[in-house]
Amino acid sequence: MLNLLLYVFATIATIATFFIVTLPLSVEVQLFLGLFVLVAMQFTKVMPGTLGRVTFLTLGGVLVGRYVYWRVTQTVPPIENFYDFVPGVLLLVAELFCILMFFLSALIVSDRYERPRKVQNSVADAPTVDVFIPSYNEDPGLVACTIAAAKNMDYPKDKFRVFLLDDGATLQKLNSTDQKAALAAYERSQEFKRICEDLGATYLARERNEHAKAGNLNYGLSRSEGDLVVVFDADHAPSREFLRETVAYFKDPELFLVQTPHFFLNPDPIERNLRTYNIMPSENDMFYGMIQKGLDKWDATFFCGSGAVLRRAALNEVGGFSGVSITEDCETALELHSRGWKSAYVDRPMIAGLQPDTLASFIGQRSRWCRGMLQILMLKNPMFKPGLSFMQRVAYMSSAMFWLFPFPRLVFLLAPLMFILFNMKIYIASPQEFLAYTMTYILAVVTIQSGLYGKLRWPWISELYEYIQSIYLFPAIFSVLMNPRAPKFNVTTKGETLEEEQLSVIAWPYIIVFAVMLLTTGVLAWRLQNDTGQTALLGVVGIWHVFNLIIAGAALGAILERKEVRTAPRIRVHRKATLRLRDETIPVNLVESNTNGLLLQLERAPAWGNVLGDNGHLTFHPRQSLDRSTDATPEPDAALAETGINIRVASQRAGSKGILIGAAYLDTVATRAIVSSDVMFADLTIPRALHNRKLTGSSVVAGMMRLTRWALYYGIRVPVLGLMTALRSGLKRKPAPVEQDLPESVLAPAE
């Protein structure tokens with residue numbers, strides 16, 4: 001009730017203040033009012049609780065509303081001047097769309113829900129669980145590690161089963177007329193059957209590849225019977241605590257979904273190429289750290305495809321996982337929400353996954369998300385779908401409409417070029433009005449973004465990511481608008497390697513756009529010198545254009561793919577073990593790990609000194625059942641049987657605390673998966689702590705300086721590299737052999 005009163009008060013205050021600031025006052029007075037509200041926002045920004053947040057957003061809404069009123073009534077070119085009017089209206093529509101999305105987003109996150117923690121401690125009333133791991137073309141070692149991690153979850157062993165749903169070896173593929181493809185499918189099926197047998201999982205492969213991932217999951221539903229269903233992507237390994245920390249919420253009989261955040265061990269291509277992974281919040285942090293909490297408040301958290309638990313009875317009610325769109329996850333949640341089922345978001349990272357390694361794969365993944373969400377918007381419009389609450393409609397519309405961002409992003413890119421190159425006056429305003437209305441509006445938006453997402457998204461990073469995606473998502477949007485049922489599901493490639501630093505295979509459009517903008521800057525400089533009658537207006541438009549140029553220049557750093565020879569990311573670990581080399585047993589500390597091997601620190605030097613090339617046997621105790629009352633890192637349980645694996649010493653070097661050796665795994669895929677899953681994924685305390693260190697804010701000025709530095713450096717380097725190489729023959733990618741991969745994978749300094 002209190003929150004409702006707050007929103008009513010905020011609405012009334014906004015309307016009253018809006019009428020005040022829209023009075024026919026002088027530009028100077030409007031500037032003073034704008035600055036006064038901006039100062040007031042700084043005070044309310046630090047106020048705790050919902051009252052402070054709503055007041056802060058209300059003040060920001062006043063400046064945004066004032067700008068919209070002025071923009072619509074005073075700045076649109078007259079219709080008589082059709083040459084300026086049409087692009088002027090397009091620019092206005094783009095701005096109004098962004099403002100609408102801004103208000104929807106602010107509304108959703110204005111009152112976030114911090115869900116209380118619940119843990120399933122009782123064995124007697126623990127529901128039965130079926131764990132689905134859908135797979136298509138992933139590496140067997142990667143899939144085996146996910147299976148082993150799932151089998152290792154801390155839950156009554158007789159109450160859950162793990163299923164590998166192999167869509168890469170369906171009967172359709174085994175009987176393919178392409179003999180090479182049929183043989184590959186057969187060999188894949190035999191290998192995965194052996195892995196499942198060794199790890200105690202159930203192998204399933206359906207007859208035909210129909211309805212993509214949704215069809216694969218529905219086949220799993222037809223062959224299982226657990227009360228709950230868990231979905232992990234083949235490259236998303238769970239920690240031991242996952243089931244204990246999620247199934248307890250299903251004591252609510254109306255709950256159909258518990259979604260957890262996606263947590264990644266490797267940087268996305270933009271983070272890797274710009275080298276920001278270890279210092280900057282990741283792109284997905286804002287969604288999982290803020291937006292999902294806001295959605296949870298309005299019972300609108302949706303299924304994100306992996307790291308989720310669903311109720312079988314609810315899925316049966318809608319015929320299983322929905323497959324009309326290529327984003328079956330969000331579509332399924334929409335169907336169930338419309339039938340009155342509830343969802344929950346548990347903000348505790350408990351899966352470790354992989355992101356795309358190349359910019360092309362990254363854009364391909366985002367293209368699928370974009371097309372799928374637009375399919376939902378067009379084929380199952382949430383605004384008119386029966387059964388949804390008002391805020392659920394708002395939430396789903398916001399999530400789907402967000403993916404239209406390439407339209408306004410490209411309009412904002414082209415608008416200043418139209419004036420500079422063709423003298424098209426599509427935005428009628430004096431420099432004084434621009435300062436009083438536009439600049440205060442921009443500062444208000446930036447202040448709100450900083451207040452809401454300060455530690456989760458640095459200033460101007462959203463603009464950079466959106467620009468990079470827009471160039472290729474723009475045609476993808478048109479394809480859906482032309483035929484909403486045409487898009488097909490494409491699996492995102494993971495584990496790619498790059499033998500040397502090269503430009504991305506999709507680099508040329510970014511270079512061309514930057515070159516055009518650079519030439520336009522030259523025209524701008526010429527006009528400032530020679531077109532003295534429009535110097536003031538050119539100055540205002542020039543600032544806008546230079547900002548776009550900086551974004552385009554910084555984006556060139558993202559298309560310069562860094563050398564990457566590791567097929568699996570490494571993570572820090574902290575475990576004790578013993579290493580048997582020749583006839584000597586040496587205590588060691590496990591320092592870093594990936595799915596191919598380990599970095600070990602010897603507690604004492606071996607008697608014979610050099611161990612390079614030696615084979616040995618590593619043993620350690622697996623993790624005990626987690627202490628569910630605290631977040632403390634659990635210690636290995638000495639009462640449990642030791643886990644062991646054969647290794648080969650691939651490299652040796654001196655470290656600050658003793659000898660460091662790189663140990664390559666030598667055993668079967670299943671044994672390597674058992675060891676990797678326990679060492680890397682049983683407890684994610686260290687990776688979570690390292691990730692949380694990145695959640696720090698950055699000022700607007702620092703953000704702009706960072707973008708400018710990238711633009712200056714890559715704006716020179718990348719075009720020159722592009723002209724010199726002409727992209728050669730494209731990227732030459734292939735998996736690195738284990739023998740070559742291991743030393744660099746595990747022996748590079750910890751990040």
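Predicted model: local features only at pLDDT ≥ 70, side-chain atom pairs only at ≥ 80, totals over all residues.
Two strands count as paired if DSSP finds at least two bridges between them, and the strands themselves, like the helices, are DSSP runs numbered from the N terminus, with at least two residues (E) for a strand and at least four (H or I) for a helix. With that in hand, we can look at one pair of residues: in strand 7, the bridge partner of Leu257 is Leu310.

Residues are numbered from 1 along each chain as its sequence is written, and side-chain values use heavy atoms, with hydrogens and water left out.

Let us stay with strand 7 for a moment. Strand 6, residues 255–259, and strand 7, residues 308–311, run antiparallel and are joined by three bridges, and Gln259 stands opposite Ala308 of strand 7. Strand 7 is also joined to strand 4 by four bridges, again in an antiparallel arrangement, with Leu228 opposite Arg311.

Seven strands form an open sheet with mixed pairing, in the order 3-2-1-4-7-6-8, and its edges are strand 3 (202–204) and strand 8 (342–345), each of which pairs on one side only. On average, neighbouring strands are turned by 20° against each other, direction ignored; axes here are lines fitted to C-alpha atoms, for helices over the stretch in contact, and angles run from 0 to 180 degrees between N-to-C directions.

Helix 5, residues 140–151, touches strand 1 (129–135) and strand 2 (160–166), and its direction makes about 165° with that of strand 2. Helix 8, residues 212–222, touches strand 1, strand 2, strand 3 and strand 4 (228–231), and its direction makes about 145° with that of strand 1. Among the buried residues of helix 8 are Lys213, Asn216, Leu217 and Leu221, and the buried residues of this helix pack against helix 11 (312–317) and helix 12 as well as against strands 1 to 4.

Side chains of opposite charge can pair when their charged atoms come close, and a salt bridge is counted when a side-chain nitrogen of Lys or Arg is within 4 Å of a carboxyl oxygen of Asp or Glu. A search of the whole structure finds 32 of them. Lys213 forms one with Glu328, at 3.9 Å from N to O, and this pair links distant parts of the chain, because Glu328 is in helix 12 (residues 328–338) and Lys213 in helix 8, 115 residues apart; both residues are buried. Another salt bridge joins Glu95 to Arg71, with the closest N and O atoms 2.6 Å apart. Glu95 lies in helix 4 (residues 82–109) and Arg71 in helix 3 (residues 49–74), so this pair ties together parts that are 24 residues apart in sequence. Glu95 counts as buried at 9% relative accessibility, and Arg71 likewise counts as buried at 1%.

My last topic is a pair of helices. Helix 18 (residues 508–530) and helix 19 (residues 535–558) pack at an angle of about 155°, with their axes 10 Å apart. Why are they called roughly antiparallel? Angles over 145 degrees count as roughly antiparallel, those under 35 as roughly parallel, 65 to 115 as roughly perpendicular and the rest as oblique, and helix 18 and helix 19 are therefore roughly antiparallel to each other. The residues that make the contact include Phe514, Leu518 and Leu524 of helix 18, and Gly542, His545 and Leu549 of helix 19.

Definitions and conventions:
Contact = heavy atoms within 4.5 Å. Buried < 20%, exposed > 50% of the residue type's maximum accessible area, 1.4 Å probe, protein only.
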